[in-house]
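Please walk through the structure below with your viewer open. Each stop says what to select and what is found there.

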Amino acid sequence: MKTLAIVFRKEMREIFRDRRTLIALGLAALATPAVLVVISQVSTKTATQTYTVGYSGDIPTGLDILLTATGLTLEQVADPAAAAKQQVDLGVVFQPAEIDEWYDPTRQSAQIADTRLQTVLGQYNAAKAAAALQQRGIDPGLLNPLPIKAHPLSSPVTAAGNAFLSFFLPYILITMVLTGGLSAALDASAGERERKTLESLLLTPTPRSRILLGKILAVSVISLVSAIAAIGSMLLALTQIPLLGTHVSLSPLAASVMVWLAILLAGCFSSVTLALGTLAKNFRQGQAFSTPLYFITVFPASIILFIPDFNPNLAYYLIPILNAVLVLRDAIVHNSVAWPALGITTASLVATGLICWFAALRLFTRETLLIRS
Amino acid sequence: MSPAAVKVDRLEKTLGKNKVLRGISMEAASGEIFGLLGPNGAGKTTTLRIVCTLLAPDAGSVQVLGFDTMSAPEEVRRRVGVVTADIGVYPRLSARENISYFAELSGVADGELEGRVDAVLNRLDMTSFANQRAESLSSGQKQKVAIARAIVHDPAVLMFDEPTSNLDVLASREIRNFMVESRGRGKCVIFSTHVLHDAERLCDRVTILHEGSVVATGPTAEVRGAHRDLEDAFLELVEKR
């Protein structure tokens, strides 16, 4: 244990004196709040922004008031179809019996303006129809034979906030655990070879397994610090920055699950990156070897983004990284943990970490390691 | 000659497709500077790497102070210090921290650590830059750090593999003086070099390698024989083969 502590202490000292690592840590802490500020401003701006409707013809009575109240500014134009291409967000021709609408679906502003127009027209048509029925002495409720009374099981605002976190947090967790320790891992492996300290290190009587374990521990700690700095600063920022009209927060249970997963992922990624670094002749080659890792690790997080209701059976929880993403998503969205899923996830990540550690150890003890250097 | 501190017996080693060592035998004793000589590619570095347990032999054996390199590698490493031409130091650690790290890994007890490190810093005249980060040191200063970390655990066997090849005249002379001083302290000093002129001045005994085989071994004067210097002797030995 003593030699393990010696290697760990030395690696930590070197890591914290490495400008690259400190910059990465600083960026990890600042990047997510900055992204949140941008998201918040964009969403606020989108909600309050007014869009322009270029029209021709006579606007039905009262509709202009409804449109203006919904953030649609009316502007008379000669050719609404031509204007909709660039000049305005929507082009509308009011005819006595119908309305023609032109918009470019590739423009987000046009899509939002279209949605607003459809909503306003829906309400306008319903009100007109109800008034016409009432005039004829018919109950307007006829238009809505099956009214729905919704009973949400949780606050829709909270649910929307949790959904946002369930998309965002797994991404942050995985990328920060991986990138936070990558530089340190390559420096502790490929770096030893590049600066020609490896031979001297292997000449000491300390068993190589302990040297490697000390390095893995140090890299795991820095990965963990990086992930916690990023997520901590993000959660802190969320208390100050309103998103989706509310302050989103993480439940204590979800936070605990996230820390546990961060520890497991840190151990796993440290072993993988150290093994890759041991294969590399220098830092740059180590970076090249590690590039595919980004794609491999970010891919599972993307599944949640594209298939939000992906509810697989327990066998899927054997797949490393994907399992962490799924467990974290469930903890955030449902504020509960499926213990069998968490157990399988833990076992899977521990097993992956051990396999990678053995692989790294084998590479670290091969003669070719020295001969190639 | 006193009993062998390092005993190499019929060593063979193949790296990739190259048979690098072809049955090398030699013995180096405590209190002498033993020269391991030969041109580049002769097998000197591979021999030293096997002696210090970094590589395993394909055949043959090596004993260091009675410990076999294959069955007791950690005991061998405790008793060996190696200085190479590649001066690798940890750039973000100070000279003192570099030395302390290797002292701790080599098993120097906590109570002795500071005293040992201070002793080598003084012995190698390093106190003026001991607390400077290694990245800011000159090549000569870095070489001193490399020597200090190799001797801080006070090994009985010191191996120098082309230690002066990247150094200027002054730094090279300091290394040579250090080897002579270590011999005076009773250490077994193995000096591997292709510069036969250096070896002739320093070594008590030499072994000359060529293409993985021993072509001559014995006291330096004996190997030189009637030739003007070791270089002439070596050239004649090689041409004969």
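Predicted model: local features only at pLDDT ≥ 70, side-chain atom pairs only at ≥ 80, totals over all residues.

**Stop 1: two helices in chain A**

Select helix α2, residues 19–48 of chain A, together with helix α9, residues 208–240 of chain A. Their axes are 8 Å apart and pack at an angle of about 25 degrees. Angles under 35 degrees count as roughly parallel, so α2(A) is roughly parallel to α9(A). The crossing of α2(A) past α9(A) is right-handed.

Now show the side chains where these helices meet. On α2(A), the residues include Ala24(A), Leu25(A), Ala28(A), Pro33(A) and Leu36(A). On α9(A), they include Ile222(A), Val225(A), Ala229(A), Met234(A) and Leu238(A). Which classes make up the contact of α2(A) with α9(A)? There are 14 nonpolar residues, four polar and no charged.

**Stop 2: where chain B touches chain A**

Colour the two chains separately. In their contact, 23 residues of chain B meet 20 residues of chain A. On the chain B side, select α2 (73–78), β6 (80–84) and α3 (95–105), each of which supplies at least two residues. The largest share, four residues, comes from α3(B). By class, the chain B side that touches chain A holds twelve nonpolar, four polar and seven charged residues.

**Stop 3: the domains of chain B**

Domain 1 of chain B puts nine residues into the contact, and domain 2 of chain B puts in nine residues. On the domain 1 side, helix α6 (residues 169–184) of chain B gives the most, with three residues. That side of domain 1 of chain B has six nonpolar residues, one polar and two charged.

**Stop 4: two loop residues in chain B**

Go to Thr53(B), in the loop between α1 (44–51) and β4 (59–64) of chain B. Thr53(B) is not a glycine, yet has a positive phi of about 75 degrees. Is Thr53(B) buried or exposed? Thr53(B) is buried, because 23 other C-beta atoms lie within 10 Å, and the cut-off for buried is 20 or more.

Finish at Asp125(B), in the loop between α4 (110–123) and α5 (139–151) of chain B. Asp125(B) also has a positive phi, of about 55 degrees, and is not a glycine. Asp125(B) has 10 C-beta neighbours inside 10 Å, so it counts as exposed; the cut-off for exposed is 12 or fewer.

Definitions and conventions. Residues numbered from 1 in each chain as written. Chains lettered and ligands numbered in written order. Axes fitted to C-alpha atoms, helices over the stretch in contact; angles between N-to-C directions. Parallel < 35°, antiparallel > 145°, perpendicular 65-115°, else oblique. Left-handed = near helix turned anticlockwise from the far one by under 90°. Contact = placed C-beta atoms within 7 Å. Nonpolar A, V, L, I, M, F, W, Y, C, P; charged D, E, K, R; others polar.
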